[in-house]
Amino acid sequence: MNFSKRKELLFAAITTSLKAGKEILEVYNSKDFEIQIKSDNSPLTIADQRAHQAIVSILDELGLPVLSEEGEHLGFEIRKNWEYCWIVDPLDGTKEFIKRNDEFTVNIALIENGTSIAGVIYVPVYKQLYFSDKELGAFRMDDIVDWSGDLDSLVVHSIALPLSQDRKSIRVVGSRSHMNQETKDFISKLQEEHDNVELISKGSSLKLCMIAEGEADVYPRYAPTMEWDIAAGHAIVSASGGKVLHLNSDDEISYNKEDLLNSWFICKREY
């Protein structure tokens with residue numbers, strides 16, 4: 001797939017994420033929303049479902065298969081033949097959504113032979129858009145709910161990532177919902193090796209966004225995630241100069257695997 005085609009698909013994913021964000025906020029700003037429990041004990045709201053429908057209604061028209069958390073998951077015998085596909089989490093951070101702490105996102109990734117090559121993360125409450133392509137780079141656009149221009153004009157008005165940093169500390173970002181003993185041990189070891197280590201807690205894929213920005217240096221994940229939780233963030237991190245590696249390995253996490261569950265991983269920049 002050439003760069004021009006990828007740009008076209010990236011822009012479609014961006015506009016799709018903004019549309020999904022509007023659907024989510026309509027539910028979020030309502031007085032109440034129904035919560036269901038899925039078979040894996042994770043929560044589901046009408047916002048997840050409305051965002052999913054908004055996304056697939058557009059992406060389905062672009063000719064590439066869509067693997068969404070809230071959609072049908074075809075067997076690997078079919079998926080293994082996909083050279084390209086979308087991996088989507090219509091509402092990443094449903095627990096944060098339910099807690100009403102604003103830290104939830106829309107995640108859309110473009111996958112090429114198992115590698116996440118372009119990503120979009122939209123944060124509806126903050127009106128922040130993160131997007132990337134492996135050649136174009138990684139960017140953040142603030143205060144955006146719609147866009148009437150094209151991708152090139154969006155890039156011009158956005159902030160290139162990573163941001164310049166002027167701090168002496170090593171900053172670790174961790175999950176609000178999954179702080180376990182392995183993570184605590186990782187942080188303790190880092191504190192033994194470095195004088196100044198800070199810990200920040202964030203929900204959803206915002207942790208990956210912080211690595212892409214350079215606002216955090218390392219995100220250790222010693223807990224289960226699915227491919228749609230991190231695929232978009234992985235593309236943005238990679239385009240900003242970071243990595244998402246299998247734990248204790250130099251191999252990057254891959255996607256559209258037979259098992260859609262990720263291994264434990266570490267997302268990091270040089271520090």
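This is a predicted model: local features need pLDDT of at least 70, side-chain atom pairs count only at pLDDT 80 or more; totals for chains, interfaces and linings use all residues.
Helix α7 is followed by G214, a residue whose phi is positive, near 85 degrees.

- The buried residues of α7 are L206, K207, L208, C209, M210, I211, A212 and E213, where buried stands for a relative accessible area under 20%.
- Two packed helices are described by the angle between their axes and the distance between the axes.
- For helix α7 (residues 206-213) and helix α8 (residues 227-239), the axes come within 9 Å and cross at roughly 5 degrees; because angles under 35 degrees count as roughly parallel, α7 and α8 are described as roughly parallel to each other.
- On the α7 side the contact is made by L208, I211 and A212, which meet D229, I230, G233, I236 and V237 in α8, and the residues of this contact divide into six nonpolar, one polar and one charged.

**The nonpolar cores**

- In soluble globular proteins, nonpolar side chains tend to be buried together.
- The largest nonpolar core has 39 residues, and the members that touch the most other members are W86, F97, I108, L129 and F131.
- At least two residues of this core come from each of several elements, including α1 (3-28), β4 (84-92), β5 (105-112), β6 (115-123) and α5 (151-157), and α1 gives the most, with ten residues.
- Leaving aside neighbours within four places in sequence, W86 is in contact with L9, A13, L59, L62, L64, P65, V66, L67, I108, A109 and L110.

**P65 and its surroundings**

- P65 is found in the loop between α2 (46-59) and β3 (66-68), and P65 is partly exposed, with a relative accessible area of 25%.
- The contacts of P65, again leaving aside neighbours within four places in sequence, are with W82, Y84, C85 and W86.
- Between P65 and N262 there are 197 residues in sequence, counted as their separation, and 20 Å in space, taken from C-alpha to C-alpha.

Conventions
Residues are numbered from 1 along each chain as its sequence is written. Side-chain values use heavy atoms; hydrogens and water are left out. Helices (H or I, at least four residues) and strands (E, at least two) are DSSP runs, numbered from the N terminus. Buried means under 20% relative accessible area, exposed over 50%, partly exposed in between (1.4 Å probe, protein chains only). Contact means heavy atoms within 4.5 Å. Axes are lines fitted to C-alpha atoms, for helices over the stretch in contact, and angles run from 0 to 180 degrees between N-to-C directions. Angles under 35 degrees count as roughly parallel, over 145 as roughly antiparallel, 65 to 115 as roughly perpendicular and the rest as oblique. Ala, Val, Leu, Ile, Met, Phe, Trp, Tyr, Cys and Pro count as nonpolar, Asp, Glu, Lys and Arg as charged, and the others, Gly among them, as polar. A nonpolar core is a set of buried Ala, Val, Leu, Ile, Met, Phe, Trp, Tyr and Cys residues joined through side-chain atoms within 4.5 Å.
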